[in-house]
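The sequence and the structure are shown first.

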Amino acid sequence: MGPRTELQEMAAEMTAWRHDLHQHPELGYAETRTSRAVADRLESWGLEVHRGLGKTGVVGVLRGALGDGPALGLRADMDALPMEEESGADHRSTTPGVFHGCGHDGHTTMLLGAAKHLASTRHFAGTVHFIFQPAEEGLAGARAMMEDGLFERFPCDEVYGMHNWPQLGFGQMAVGSGPMMAASDLIKIEIEGVGAHAAMPHRGVDPVYVASQVISSLQSLVSRSTNPADAAVVSITKVEAGSASNVIPRLATLTGTCRSFRPETRDMLEAGVERIATGVAAALGATAKVTYSRGYPPTVNHPTQTQFAGEVAASLFGEEAVDRSPEPSMGGEDFAFMLEEVPGSYVWLGTGGEFDLHHPRYDFNDEALPVGASFWVELVEARLGNQSAG
Ligand SMILES: [Zn+2]
Ligand SMILES: [Zn+2]
């Protein structure tokens, strides 16, 4: 058990690819060097390559040597984060303020490793679409590829995605049916009062005080309006108002995020933010304008494909190393858009390590490269094996 020998033998090569990507990180929709490196490699291994979906996305098509069968989509993300790296690694980012702090360099490399191996064996019946997407970090690159006809041009019967998960020990995997990641929405509340001298508050309407009451009341959406057996988060993360210690300003602006798993909870949060912000503001003599922008939907795994992905993980690592009902994360993930259209599953690959995703000292665990690549190869050969899978 553990990574397959052929992929373990590619470990040094994959590590070199990963370090190269890590040294040259690119932000969402600007992954030109990365997507060129991906497309050129896929082409050199004989895959049919399509560039430019969703601006910088790439699809590699590989047909099995054992005849016709279903089509699988395997997805990796390629973008980095707008943050400064503090890892001190030899292969650290050479671009100031841009950093592979979520391990998408590792995801891209693992899927490339699997593509290289499968292109040399083609021991399956059917088609594999290797989907390299741009802009996962908040810019909906998955949706952009879909708007460019991803699933019309490359029809997939099933799709699978994988994310490295430092909180999970190395050599473990987690995949559960139902929600794995939350819906991630943006809220902006503009509160308008009446400006005044700070010493004469009765001459105005203080939007800073109103904002403080709105912030407090919004938390009732989680504590009083969410089913205790469900989960939701409301976080106000930015408070902007005022310019001087002796002036009551006219405006205060609040920005934040709402997270949820269920559609009815998401609807409740959207309606509740509007109701509370406008109602509390009105009660205190101010007005509030609420903008609620729906971001990524929840990432919801389909039962059949999740059962299958769990079996593949167990065949590699042993049943005891696979968590089949992990606690979902309140983070967001734009693979959610693909799972809304095509049945599939999103898995977490345990990588261990001291630092969480998005931490300035995080670095993808290279030891996991052959492990994740083995998962992809095993998944393809098991799902599109000799029998006529249907
Ligand atoms: Zn991330
Ligand atoms: Zn990520």
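## Packing of α2 on α12

Helix α2 (residues 11-23) packs against α12 with the axes 9 Å apart and at an angle of about 105°. Axes are lines fitted to C-alpha atoms, for helices over the stretch in contact, and angles run from 0 to 180 degrees between N-to-C directions. Helices (H or I, at least four residues) and strands (E, at least two) are DSSP runs, numbered from the N terminus. The two helices α2 and α12 are therefore roughly perpendicular to each other; angles under 35 degrees count as roughly parallel, over 145 as roughly antiparallel, 65 to 115 as roughly perpendicular and the rest as oblique.

Ala11, Met14, Thr15 and Arg18 of α2 make the contact with Leu369, Pro370 and Ala373 of α12, where contact means heavy atoms within 4.5 Å. By class, this contact of α2 with α12 has 5 nonpolar, 1 polar and 1 charged residues. Ala, Val, Leu, Ile, Met, Phe, Trp, Tyr, Cys and Pro count as nonpolar, Asp, Glu, Lys and Arg as charged, and the others, Gly among them, as polar.

## Basis of the model

The model is predicted: local features need pLDDT of at least 70, side-chain atom pairs count only at pLDDT 80 or more, and totals for chains, interfaces and linings use all residues. Residues are numbered from 1 along each chain as its sequence is written, chains are lettered from A and ligands numbered from 1 in the order in which they are written, and side-chain values use heavy atoms, with hydrogens and water left out.

Helix α4 (residues 104-121) and helix α12 (residues 369-383) have axes 8 Å apart, at an angle of about 45°, which makes α4 oblique to α12. The crossing of α4 past α12 is right-handed; a crossing is left-handed if the near helix is turned anticlockwise from the far one by less than a right angle, and right-handed if clockwise. Residues in this contact include Gly106, Met110 and His117 of α4 and Gly372, Trp376 and Glu381 of α12. The contact of α4 with α12 divides into 9 nonpolar, 6 polar and 1 charged residues.

Helix α10 (residues 303-317) crosses α12 at roughly 120°, the axes coming within 10 Å. The helices α10 and α12 are therefore oblique to each other, and their crossing is right-handed. Among the residues that meet are Phe308, Val312 and Phe317 in α10 and Phe375, Leu379 and Arg383 in α12. The contact of α10 with α12 comprises 10 nonpolar, 2 polar and 2 charged residues.

## The zinc sites

The zinc ion (ligand 1) is coordinated at 2.0 to 2.8 Å by Cys102 (SG), Glu137 (OE), Glu137 (OE) and His358 (NE2). Donors are N, O and S atoms within 2.8 Å of the metal (3.2 Å for Na, K and Ca); water is not among the atoms, so sites may look incomplete. The 4 donor atoms around the zinc ion (ligand 1) subtend angles of 51 to 149°, so the arrangement is irregular. Four donors count as tetrahedral if all angles lie between 85 and 135 degrees; four count as square planar and six as octahedral if opposite donors are over 155 degrees apart and all others between 65 and 115; anything else is irregular.

The zinc ion (ligand 2) has Cys102 (SG), His104 (NE2) and His163 (NE2) as protein donors, lying 2.1 to 2.3 Å from it. Cys102 bridges the two zinc ions, ligand 2 and ligand 1, which lie 3.2 Å apart. Cys102 in the loop between β3 and α4 and His163 in strand β5 (residues 158-165) link distant parts of the chain, 61 residues apart.
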